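Student: I'm new to this one. Could you take me on a close look at the place where the ligand sits?

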Amino acid sequence: MMKILLLNGPNLNLLGRREPDVYGSDTLASLEAEVVAYGEQKGVKVDCFQSNHEGVLIDKLHETLCLHYDGVVYNPGAHTHYSYALRDAVAAIDIPVVEVHLSDIEAREPFRALSVIAPVCIAQIKGKGKEGYKEALDVLLENADS
Ligand code: CA2
């Protein structure tokens, strides 16, 4: 069975509690449960993890190698826009990573338009809310089939 890591970065633990107009009203726990259920339908095991700490996220990405994950669905939060350390971690693991954003990062403040992580991901999905996470899972499945 294919095994995917669903990884969320800083501040995403606050989902559903602040700025519902921008990020939706689902909590992180309900978003994760939905993606896990979607994975089950598709025969994929989805493990979820969130951290507010750059080093912890780097360690988690490295761990995907020894724990034999087949891919990562990753919302790097604000790290997206400046973390070369996380970009290097994504590049260092030899499994596909799909970057996801709840909001359309290109339609907001100028600093959000740039992702330093997207160039080392196989795809970037933005502005589709929680549905984007399921779409990211589909991209990983299609990538595995091809
Ligand atoms: O749109 C996205 O998914 C983002 O990755 C979310 C990040 C933001 O820094 C990126 O530019 C775009 C951070 C989300 C902040 O999370 C909150 C969630 C709920 C309430 C308040 C903040």
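Tutor: **Around the ligand**

The ligand is surrounded by 16 residues, and the closest are Asn-75, His-81, Leu-102, Ser-103 and Arg-112; here, a residue is near a molecule if one of its heavy atoms lies within 4 Å of it. Bear in mind that this is a predicted model, where local features need pLDDT of at least 70, side-chain atom pairs count only at pLDDT 80 or more, and totals for chains, interfaces and linings use all residues. Residues are numbered from 1 along each chain as its sequence is written, and side-chain values use heavy atoms, with hydrogens and water left out.

By class, that shell has 7 nonpolar, 6 polar and 3 charged residues (Ala, Val, Leu, Ile, Met, Phe, Trp, Tyr, Cys and Pro count as nonpolar, Asp, Glu, Lys and Arg as charged, and the others, Gly among them, as polar).

Now for polar contacts, meaning pairs of N or O atoms within 3.5 Å. His-81 has a polar side-chain atom 2.7 Å from a ligand oxygen, and Arg-112 has one 2.8 Å from a ligand oxygen. With Asn-11, a polar backbone atom is 3.4 Å from an oxygen of the ligand. Taken alone, the ligand exposes 500 Å², and the protein buries 95% of that (Shrake-Rupley areas, 1.4 Å probe).

Asn-11 also has a phi near 75°, a positive value in a residue other than glycine. You'll find Asn-11 in the loop between β1 (2-8) and α1 (20-23); helices (H or I, at least four residues) and strands (E, at least two) are DSSP runs, numbered from the N terminus.

And the space itself? The ligand sits in the largest pocket, with more than half of its atoms within 2 Å of the pocket's grid points. A pocket is an open set of points on a 1 Å grid over the protein atoms alone, where a 1.4 Å probe fits, with protein on both sides within 12 Å along at least five of seven lines; lining residues have an atom within 4 Å of a point. The largest pocket has 18 lining residues, with Pro-10, Asn-11, Leu-12, Tyr-23 and Arg-112 nearest its centre.

Definitions and conventions. Polar contact = N/O pair within 3.5 Å; in protein donor to acceptor, adjacent residues only side chain to side chain.
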